[in-house]
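Here are my notes on the model you passed along.

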Amino acid sequence: MSGTFKRLAWVLGGLVIAMAIASIQSGTDAANLTKAGAYFIALVGLSFLTGWSGQISIGNSGFMLVGGYAAAFWTLHHPGEPVVISLLVAIVASAFVGLVLGMPATRLRGPYLAGMTLAFAVALPYVPQSFAVSTLGGSQGLTITPLSAPQWFSHLFDTSTTLPVVINSRFTAMVSVLIAALVLWLMSNLFASKLGRAMRLVRDNDVAAELVGLHLGRTRAQAFVVSAALSGLAGALLVMVSGTASPSTYEFGFTFSIALLTLMVLGGIGSLGGAIIAALLGVYSMQITTWITNHTGLGPTSWVSNKLPNLAPNMENILFGVLLIVTMIFAPRGIVGLVSGLRQKLISVTRR
Amino acid sequence: MISISNLSVAYGAITALDDVTIQAPTGAITAVLGANGAGKTTLLRTISGLVKPRSGSITANGHALIGERPDAIARLGIAHVPEGRGVIAEFTVEENLRLGALGAKTNVTSGLEEQYALFPVLKERRKQYAAQLSGGERQMLALGRAMIANPQILLLDEPSLGLAPLVTQDIMNTIKTLCANSGLTVILVEQNAKSALKISDFAAVLHVGKSIAVRPAAEVAADESLRSYYLGMAE
Amino acid sequence: MIANILTNRIVNDIAGGASQGVIIGLVALCLVLVWRATRVLNFAQGPMAMFVTYIGMTQMDHHVNFWLAAVISMVVGFMFSALTEIVIVKPLYHKAEINPIVVMVGMFTLLEAIASAIWTNIPRYPTAPYSSINFQSSGNPTGLSPLSTFQIAAALAVMTFVAVLFNYTSLGLKLRASALAPEVSKLLGLRVSRLLTLGWGIAGAVGAVAGVVISLNPGGLSPNMLDAMFILGFIAAAIGGLDSPLGALISGVGIGVIMQLINDYWNSNYADMVAVVLLVVALMLRPQGIFTKNSARRV
């Protein structure tokens, strides 16, 4: 594809998505899309670390917490300033924490690293909860005015037929998708860059990487910083939309780190397309689970559910646990890997 | 008697052994010689089941070996001393020996006595970690650990590797004695052709995955073309 | 004089902390056992132990006494762990380092969800065979109760059993050999694959003891009861070195005591953070753990 054509494709794709978002009728769907944008960014952050530089993290929810709190803190003390600045503050703050954690982490291999990041994610929510309660709000957290649609945006719609809430959700969805698209563009460029190649070499063959003069520790630490910055951005985006950052925010707890890992593996480790699928999967997992349980005879009125009334709320995690194990054993490249494998097969069949 | 027929082994696209046929008669030492990368180690690893061949057959004392698991092959009485001796450095000398008896399900106490009689130096050092032994002592430990299993067939991969000439000679003489005393069938893989040929009854040469000759050792030793081309023994 | 020492606040904290620390050490030991045998860090160690503890302890509802229930937990723990190794871990040997980690994380999610579906999230409190009221010395409480004494004794007994099994028996020699040098062990005739399964089984039984002992704590038995304990166990194992069972025990007790002191003199919320800080500092100083011998990484 030539450069101009590629640019045109981006613009057209953006327009189509924008029009699609503008026509969303339900506030929930728009809110889900907002979340999906943030999840996508967080997933790319994790995928970059694990898929490109070969380091595993079960602690990226911690970086999201840092970003979320940084954005809330800045917004609280600088009301009225552009949202972009809050997001940049979040990126810088989480990147810094990523650097601090990345320095010892780069000396660790697989399981030690995974355990250390997990411990980081578990312990971090205690920081705002116990320290500096007056500045960070203790277990209540910080509350800010959530992002709302500006005048010019509201004027695009017929306010007599569309609720302001829905217009607001459409606006945040658009902002979130726009930022996600920006991240997608940046990361696809990064993949082809010198740093991207260095990352892959470090992942695939650290001895060779050292022989060609790459500083292993530095390259791994860089991956940590990029991953933390993206996670922080995702956390900040969630906080700017919801208006609260608290120690009990789902996305800031270690269970979300596990969810991120699960989604990334299901989508396809190291794949940007996989991250899009995974983000949507994360947002709609409840609906997907309900659909599956209803269509497999495990629904709320079934025999099993009568026996085990507590099955329904746990169905999502049961399904994800099973999927994660099965995927890792039988299709370690995730959904994206399955699709491309299928395409290869189709191509070879048609060529024959 | 161990009989290898038309054996071919490949690692991916790289052929390691190509249609190799070698027979090692009972109670004799058969040397397999050749340069680095000729496929000698692959040959032994295929016999003991660590590598799956592409085609061909291996029989040892009437048992077909291909398709068997390495531990089952070991329990058939085939002891394999791998390249680099394979002693477990974190274990003491005695623990290494005990392990050999446990794997083969032979009597530990009498086995230890026999091996200590054969290798007095191992008895002296029985409480020391294998990591603390010299190269020659490690090779003796590896031999002792193989012999404690009462094997009928002994596969030796480069026993002279990294040893001083005098120590090599010592080890080779030990191997010769073991074979003479117990009717053991030995396949001795060596790069050091000169020392190997001294104690061997028969010799085969491997060259880039192909077997060239299976002849009495003395004949091979006297063959000028083999000596200079493949064995690097030009004097 | 002795009475003063027995009821001294710091001494009490150390005793109480050590009793929890031994349990942390027990969890760490499970991780070390599995790691040494198969180079897999079992992230689902906590939920696996929790699950089999439920299976055993809920038998007490059916008039099974505590001791039999504990034995059921251990037997099921052994079988469950061995089965896990056969079904989902074996296919992952020789794969990338992260694959088994991810699979065990999946196991973590799955088991906690199933436990919650079957037994709900409401904690259960198995009847302990001993009182949890602290021993008294001249009218003042000491740091230990009959129950915590039993918990320490159970943990130490299991650790002694494991130490003897691995260091002084033929089976232990074979288990250690298959873990250290699988290929050489195969050449010597050991059924390595079976021995690795057995190693997982033993770790599962040890984990079940940890689960049973922890279910007698005030928090009781709940689907996520071992999450915090797993983190602490991992921290202990990582500080001690994943290859060193003794290191796991020592750092487990150390962490238990430090956390108890922080709880008592400072703020219970800080205890977890301090443990993490300890981990980070320890790993920065010695990335391979404090109690392991320095060895070159295999390329």
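**Notes on the predicted model**

1. Chain A first: its domain assignment (bounds taken from an automatic or database domain assignment) gives domain 1 (21-283) and domain 2 (296-352). Their C-alpha centres lie 26 Å apart. The contact (heavy atoms within 4.5 Å) takes eleven residues from domain 1 of chain A and nine residues from domain 2 of chain A.

2. Some ground rules. This is a predicted model, where local features need pLDDT of at least 70 and side-chain atom pairs count only at pLDDT 80 or more, while totals for chains, interfaces and linings use all residues. Residues are numbered from 1 along each chain as its sequence is written, chains are lettered from A and ligands numbered from 1 in the order in which they are written, and side-chain values use heavy atoms, with hydrogens and water left out.

3. Back to the two domains of chain A. Domain 1 and domain 2 of chain A bury about 870 Å² between them, 80% of it on carbon and sulfur atoms; buried area here is the accessible area (1.4 Å probe) that two parts lose on being put together, summed over both. On the domain 1 side, A:Thr262, A:Val265 and A:Leu266 lose the most area to domain 2 of chain A, together 56% of what that side buries. The count of salt bridges (a side-chain nitrogen of Lys or Arg within 4 Å of a carboxyl oxygen of Asp or Glu) between these domains is zero.

4. Now the interface of chain C and chain B. The contact takes 16 residues from chain C and 23 residues from chain B, and the two chains bury about 1800 Å² between them, 67% of it on carbon and sulfur atoms. C:Leu173, C:Leu187 and C:Leu188 supply 37% of the area that chain C buries against chain B, more than any other three residues.

5. How many salt bridges are counted between chain C and chain B? There are two. In one pair, C:Glu183 meets B:Arg45, with the closest N and O atoms 2.6 Å apart. Helices (DSSP runs of H or I, at least four residues, numbered from the N terminus) come in here too: helix 7 (170-180) and helix 8 (182-187) of chain C each supply at least two residues of the side that touches chain B. Helix 7 of chain C gives the largest share of that side, six residues.

6. B:Glu95 forms a salt bridge with C:Arg176, the closest N and O atoms being 3.0 Å apart. B:Glu95 lies in helix 3 (residues 93-104) of chain B and C:Arg176 in helix 7 of chain C, so the pair joins two chains. Buried or exposed? B:Glu95 is buried at 16% relative accessibility, and C:Arg176 is buried with a relative accessible area of 14%. The cut-offs are under 20% relative accessible area for buried, over 50% for exposed and partly exposed in between (1.4 Å probe, protein chains only).

7. Within chain B, B:Lys176 forms a salt bridge with B:Asp201, the closest N and O atoms being 3.9 Å apart. B:Lys176 counts as partly exposed at 36% relative accessibility, and B:Asp201 is partly exposed at 31%. Also in chain B, B:Arg69, B:Asp71 and B:Arg75 are linked in a network of salt bridges.

8. Last, helix 12 (residues 268-285) of chain C. Its buried residues include C:Tyr270, C:Met273 and C:Leu279. The buried residues of helix 12 of chain C pack against helix 4 (83-105), helix 5 (110-123) and helix 6 (126-130) of chain A, together with helix 10 (227-240) and helix 11 (245-265) of chain C.
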